[in-house]
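Here are a few exercises to work through with the model open beside you. Try each task before reading its solution.

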Amino acid sequence: MAKLAMKTMLKGALILTIASFISKILSAIYRVPFQNMVGNQGFYVYQQAYPIYGIAMTLALTGFPQFISKYLAEVTDPLEQARRLQKIYPFIFYSSVFFSLILVLFSPVIARVMGDSQLIGIIQITALTFVFVPVLSLYRGTYQSHLLMLPSAYSQVGEQIVRVGIILFAAYCYKWLNLTTYQTAQWAMSGALLGAVLAFVLLKKAQYRWQLATLFPPLLLPYFSQPKSWLEKMKRESHLLKRLITEGGILTMYTGYLILFQLIDAFVIVNALKWHGYSLDFAQNLKGIYDRGQPLVQLGLVIAGALSASFLPNLTRFVVLNKTMAYQRMLKIFLRLVTCFSLAATFGLLALLPWMNQALFKDNAGNQALSIFVLSIALMSMIQAYQSVDQSKNRYLPAFKAGMVGLVFKLILTIGFTRYFSIEGASVGTIVALIIVLVILIGNQALQLNVFWLENGYWWKMCLCIGSMYSVVFSYRICVENYLLPINSRFALLLLSILGVVLGVVVFISLALRLRLFTVREWLLLPGGKYLLKLFSKRGEKACD
């Protein structure tokens, strides 16, 4: 029975990770055609409200569901589980409704603080996404406590498909119906609401299939008709609020850490650019250019997500089985792979960035700012990896402190650097804040874990592989630009970029195998690692020695 439960848990974790992986790809890709159709200013308007949506959905996907799942898993009796849901649900319900009302009522103030009073409408629409947080969290958390991950996975992917479809439809209507950029952004954000409705329908329907309908408390009526009695009950259970904030809040912080950075950017960058001396229109255009970095970083972080999908089930198994030595070995392998491949993705993108920028976004404006910003791929990948280490040990406070320090530095640095150095300064503020967070997280870990840098010559082998890859791909781009006719076609630039990616992958993997950067076991733990070894069979045999 124990082995069956472990197998079910690991399979469920993989299903949720794959669903998250698909959702992240959808969330990154749609921004490119959206920006192409509505321009930098339209992209800026949408991105100003996106962090509010991102926080709401992070709570509904990760923070609250994982807390509910853990809270219910502490007991096995169905009646006690139902009582626990009745205790915790009002906290989530009232807090979500409160945030939604505050955002709606204070949307004029928020828009003014952001430096653009025309943002009121999209802020109000986005605020309504918090209304769906309680019910989505309730169902997902309950299913996950019973190791039923498919309902959560289906609802997550379905929600993203509907949202992305409506966003692209809104962008198409921008010119077709002669909408303003603000109206277009409002239409686009309504996709989040319709996506949440679909997610709720899918989750609601699943309760009958899995015979869990008796567990769920009433969703709406009692909390509106009898608020005083429920608030009195909540006072007697105030310790639950503390657990919800500490455990659910920290999970939300790191899952959506870059979203919190985007929220700071939404309040700071346009204002700082105006202080710099730019007009509002020009500042909005620059903010839209700066926001191009978001999809690039999200695509880069897909690598870290894929590695987590491969490693976290094994890490969980070793923790449950109390296999300390195996757990430590697996952690070092995990950190080695995340560090190396996230740095490779970062420097590969840096080498091709001018082409990628023009191919995806019509021009190469903001190359310098974006070149700095994409460094956050490596930094954020390593931050998430170290945070996962703390999470696997049920350590929450050190990661929370590091995250809060990073947010404070992000705010201060972005205000100062953007005011004097424009969007390049905003990028620097992001990178310096992430470096500070990473240094704190590394310092919180035992020395025996951090020495993975020094074992088996890892650091110099990695630097040689990544440095060689960057030099070859950069030289390839310079040669094409200098010795071929000027390339103005975006499609041609995209094809050349893809060829550059293939060239970089071949150079990196060939050198990594020749230098034995990773062991055969480490290659096999990679998603698709077995096929990479077969593809590079001759060098793969040398690596097996």
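**Exercise 1. Find the residues of the nonpolar surface patch and say which helix gives the largest share.**

Step 1: Phe98, Phe99, Leu101, Ile102, Leu105, Phe106, Val109 and Val113 form the patch, with about 750 Å² of accessible area together. Patches take residues with over 30% relative accessible area and no salt bridge; like charges are joined within 9 Å, and nonpolar side chains (Val, Leu, Ile, Met, Phe, Trp, Tyr) within 5 Å. Areas come from the Shrake-Rupley method with a 1.4 Å probe, and for residues only the protein chains shown count as cover.

Step 2: Helix H3 (78-105) and helix H4 (107-114) are the elements that give two or more residues. Helices here are DSSP runs (H or I, at least four residues), numbered from the N terminus. The largest share, five residues, comes from H3.

Step 3: Check one member, Leu105, in helix H3. Leu105 counts as exposed because its relative accessibility is 62%; the classes are buried under 20%, exposed over 50% and partly exposed in between (1.4 Å probe, protein chains only).

A note on the source: this is a predicted model, where local features need pLDDT of at least 70 and side-chain atom pairs count only at pLDDT 80 or more, while totals for chains, interfaces and linings use all residues. Residues are numbered from 1 along each chain as its sequence is written, and side-chain values use heavy atoms, leaving out hydrogens and water.

**Exercise 2. Locate the salt bridge partner of Glu455 and describe where the two residues lie.**

Step 1: The partner is Arg336, with the closest N and O atoms 3.5 Å apart. A salt bridge needs a side-chain nitrogen of Lys or Arg within 4 Å of a carboxyl oxygen of Asp or Glu.

Step 2: This pair links distant parts of the chain, 119 residues apart: Glu455 sits in the loop between helix H19 (447-450) and helix H20 (458-483), and Arg336 in helix H15 (residues 324-361).

Step 3: Arg336 is buried at 12% relative accessible area, and Glu455 is partly exposed at 31%.

**Exercise 3. Is Arg163 buried or exposed, and which side chain of opposite charge is nearest?**

Step 1: Find Arg163 in helix H7 (residues 150-176).

Step 2: Arg163 is buried yet has no salt bridge, and the nearest oppositely charged side chain, Glu159, is 6.3 Å away. Lys and Arg count as positive, Asp and Glu as negative; His and the chain ends are not counted.

Step 3: Arg163 touches residues including Tyr30, Tyr46, Tyr50 and Tyr53 (heavy atoms within 4.5 Å), not counting residues up to four places away in sequence.
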